[in-house]
Every structure is written in structure tokens, then in C-alpha cells.
Amino acid sequence: MKHFEKSVYQLIVETSTNLPVDVRKAIKRAKSKENEGTRASLSLSTISNNISMAETNISPICQDTGMPTFIVHTPVGANQIEMKKDILSAINRATQNSKLRPNSVDSLTGENSGDNIGEGTPVIHFEQWEKNDIDIRLILKGGGCENKNIQYSLPMELEGLGKAGRDLDGIRKCILHSVYQAQGQGCSAGFIGVGIGGDRTTGYELAKKQLFREVYDINPNPDLQKLEEYVMKNANKLGIGTMGFGGEVTLLGCKVGVMNRLPASFFVSVAYNCWAFRRLGVLIDSTSGEINEWIYDKGSDDKTNDANQNKVVSDKGNHSSDQKKVVLQAPITEEQIRDLKVGDVVIINGAIHTGRDALHKYLMESESPVDLNGGIIYHCGPVMAKVDNEYVVKAAGPTTSIREEPYQGDIIKKFGIRAVIGKGGMGAKTLSALKEHGGVYLNAIGGAAQYYAESIKKVDSVDFLEFGIPEAMWHLQVEGFAAIVTMDAHGNSLHADVEKSSLEKLAQFKESVF
Ligand SMILES: O=C(O)C[C@H](O)C(=O)O
Ligand code: SF4
């Protein structure tokens, strides 16, 4: 199979950079349901714009290219050992060419392997079938949405919904709860795959497998079809919206599968996938290794961007006249920060510094290599390329901020940081530090990695490269970097408000339906 490696490489590049048509359609539909000018609508414009940019630039849609997971069906007698070698080679090549971010991290030492290859990564499932072609499907599911997966063990008591029993109605409650608990942190609006039954392991596998179904297919099982339709109709009533900003559309797809279980166990496993729902597949000729056919429609001609695309979040926020647009340049003063309120749009120029999990832990015990007084921290793990010995940003959207909740408040105060950019919001401890010290939390659009990469004009330098590319502290110069104040120095948090109101809305689904 002379061309197999090249075909797998093509599959990886397309999956990372070119969103499938059914996903684009779902995003376009969501956009049409949001009122013009709202935060949700403007965020969806940024997302659509980002999707087009990724396709044009042949660069990752989102900087987190996830856990590459392949499901391969091979003809009887095909050499799976050779295929695996080729898949690893293609993964390595795609990583070196900045189509994938190096994402394989040693869980004990924290060392990044640098090529996406390591114990357990990538994931490759082989199965035989009685056809002549090789069917190979790939999903790149990022870590932020993976963290929002959830597994329920019935019967149980669910927040807002009461008792969930071992029946279709109990399953219904679990699914609605799963959407609620994700809030905007998995880059809503999202897609869910649900696995009913199995054990803890196969339940999650079944859930993830559902994500390989087309967004607009119809479940052949009438009960599950009914359930999927119900969830699609009702989950959006939770009002969480794109990025958790509030809005009409929270869920873009729901696919449910079922398998047998043990008498003692009843699991409902939910795999949450962000809007950057990257999965494609190919049928490959098992003699030549050439691609015969693409299994899902690839993006290309369905341009989802619209007239609003370049206005993005820099337009007025949610129809309120006291929300303003402010240009900030570090170092920022306390006075400038105290002047900002939730809903304001901020345009950042000048220096920002990336920092995520490893850096926050480090800064708790050690000094910063640069002066952060009045500075801006960006929760981001970019994709970088080295061109002529200089680093160039290839993709750089925000990462989920809540992971830094144990550290952030202390770090803001210790180093005099004035603004934190991320996504999904932070908790009570950070909110109180923002109030005490005079700081803001700025929400960028999760997944919009091409859009933000464009506003990064220069990489000044880097510290802690030994943490790996995503975890290093990159010192960047930005121009026109737009984000929304979602937590201010007056104790207000849009995230806390949306969480509270969505919990109230969840309670309307308490009564039994099925
Ligand atoms: O690791 C990242 O860059 C982002 C992650 O997928 C997240 O959603 O937090
Ligand atoms: S940052 Fe958002 S869009 Fe990207 S992988 Fe994470 S959850 Fe998905």
C-alpha cells in the first residue's frame, strides 16, 4: 500500500482544517436563530469566519487538535501492523507541519513527546470487515470538551431534576443535565453523543462512537429517535447559548446509542463535543492505499461566513447602551480596570503573555521571568511553527479558564496582573480577587484559533519551553485582539448569572415525559 501514509496524512490535515458540511450547516442554522447584534450572534459570526480562515490557511480550526482517534475497518488479511506504522508516521508529519499541536503529555513527568506519539496516543481501533476497501475515520476531540464528558449511574438524584430512574425518562433527565453542567466551558454550542448501557468503559466508547454519525441522520430505533428529537427541542430552552453568553442555541446535535448492561449497572455516558466538531473519514483502496472516497462531505463551498464576519465581538454587545468598547494597552492601571463592566468589549493592543496549567502551578511557588505588573495573561496553548529560527503563531484560541481557579486569584495579587483572557469563565475565588485587586476577566471566543492568531503580530520570546509548546509562556505582541468583559472588578459575573438562570430553567424538565 504505497500511498496509505499519504492518504492518512491527507485525512488528518483535512480533519484539522476543514470542518464537515453537516457541522457547518448546524452552525449556520444556530446563527439564524440568534437575534442580530447579540453576543451569541456575533460570536457565531466569529466562529464562521474562523472556519473559513482555517480552510483558506490550511491551519487548525482550533489550536487544540485533541486526541487523534481513528476507527479503522480493514479487509480480512490486511496488515494492521504496517497500517499502524503509517498512521504514526502521518501523525508525526502532521505535527511537524503544524497541522496538529503536540498534545501527547507524559502523565507523571509532564513531558510533551513533541510528535503526538506516546503511550496510548494516538488512539487506533482496528476492526475487520468483509469488504475490500479500508474505512478509516478520524475524530479530533479537544481536551476542554472532553473534560465536560459525564457519566451517570442510574438511579440517582439530579440537581434541578430530582429522581432519575432506570428508564427512558431517567435517561432523558441525564442528557438534559449533561448539557446544563457543560455550560459554555466546552465551547458551546456543542454536539453530544450518548451511550446507554455497557460498563463504564464501553459506555463511554459507545457515546464517542455516536459522534461519528451525521448530524442530520435519523436514529433507526424509534424510542431513541423520539429521545433525540425531544433533547434537540428542549435543551436549547436552557438559555446557555454560544460560549455560555446566553442565547437561543446551546446544543447543535444529539445522537444516542444503546447496548446491553449488567444487572447491577445502568450507565448513561455522555461525550460532549464543542462546535469545532472535527471528524472526517475516507475509503481507501487496500491495494494502492489511495483514497477512493471521502465519507463525510467536506466543507469547501459552503461558506458559512456572513456580512458580520469582521465586526465580530467588536460590535456593540447585547443591545445595551451602557456597554462600551474600550482599547487597552498593557501596562493597565487600576483605574482603567475599575471603569469596565460586564458586557463591555475590550480591544487589546501590545504585550500579552500566555499561561496555563503548568505555568500557574509554577508561579504559585516561584517568580515570573517577566514583569507582570499591570499585565495581561492569556489562557492559551498555541500551535507554533519555527520558520527561519523564529516562532510563528499558527493557531491561538483561548483554553478553559476554570482549571486555573485554584491558583488565579493568588497569582493576580502576587504579580499585579490586571486582566486575564480565557474562555468559559472562572469561579468565586477569582471573582473576589478581581474585586479586591482591581482586575477583569475577558472572555475570548473558544475555538476561534485562526481569528486570534491573526491579531498576534509578533512572538517576542518564550519561557519554559521545557513545559512543551502548549504550556510554555509565550510573550506576544497583539493588535486588535477583541474580547468581552464577563467578570468585572465590581463583583459581577456573566457566568454565575447564566449558570443560575439555566439551573432554574432546568427545573421545568422535572416532570416525567416518557
Ligand atoms: O488545550 C486547549 O488549547 C484548549 C482546550 O481544548 C479547552 O477547551 O480548554
Ligand atoms: S478550545 Fe473549544 S473548540 Fe477548541 S478543542 Fe477546546 S473545547 Fe473544542
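Predicted model: local features only at pLDDT ≥ 70, side-chain atom pairs only at ≥ 80, totals over all residues.
The shell around ligand 2 is made up of five nonpolar, seven polar and one charged residues.

**Ligand surroundings**
- Around ligand 2 there are 13 residues, and those that come nearest are G142, G144, C187, C274 and G447.
- Ligand 1 is surrounded by Q63, D64, G142, G143, G144, C187, G381, T399, T400 and G446.
- By class, the shell of ligand 1 has one nonpolar, eight polar and one charged residue.

**An annotated region**
- The UniProt record, an unreviewed entry, annotates residues 6-280 as "domain: Fe-S hydro-lyase tartrate dehydratase alpha-type catalytic".

**The nonpolar core**
- The largest nonpolar core holds 146 residues, and within it I12, V440 and L442 touch the most other members.
- Strand β20 (residues 473-487) gives the most to this core, contributing ten residues.
- Leaving aside residues up to four places away in sequence, L442 touches V346, A419, V420, I421, A483, I484 and V485.
- As a general point, nonpolar side chains tend to be buried together in soluble globular proteins.

- T430, L431, A433 and L434 are buried in helix α12, which spans residues 428-437.
- Viewed down the axis of α12, the buried residues fall within an arc of 160 degrees, so they line one face of the helix.
- A428, S432 and E436 are exposed on the other side of α12.
- The packing partners of the buried α12 residues are α11 (405-415), β18 (440-443) and β20.

**Backbone features to look at**
- Most residues other than glycine have a negative phi, and most peptide bonds are trans.
- L154 and P155 are joined by a cis peptide bond with omega of about 0 degrees, and P155 sits in the loop between β4 (150-153) and β5 (156-158).
- Another cis peptide bond, with omega of about 0 degrees, joins A330 and P331; P331 is in the loop between β12 (325-329) and α9 (334-338).
- Q183, although not a glycine, has a positive phi of about 45 degrees, and its place is the loop between α6 (168-182) and β7 (190-196).
- Q183 counts as buried because it has 22 C-beta neighbours inside 10 Å.
- N389 is not a glycine either, yet its phi is positive, at about 70 degrees; N389 lies in the loop between β15 (383-387) and β16 (390-395).
- N389 counts as exposed, with 5 C-beta neighbours inside 10 Å.

Definitions and conventions: Residues numbered from 1 in each chain as written. Chains lettered and ligands numbered in written order. Near = placed C-beta within 6 Å. Nonpolar A, V, L, I, M, F, W, Y, C, P; charged D, E, K, R; others polar. Core = buried A, V, L, I, M, F, W, Y, C linked by C-beta atoms within 7 Å. Buried ≥ 20, exposed ≤ 12 C-beta atoms within 10 Å, placed from the backbone. Helix = DSSP H or I, 4+ residues; strand = E, 2+ residues; numbered from the N terminus. Contact = placed C-beta atoms within 7 Å. UniProt positions renumbered as here; feature names shortened; annotations may be inferred. Arc of directions from axis to C-beta.
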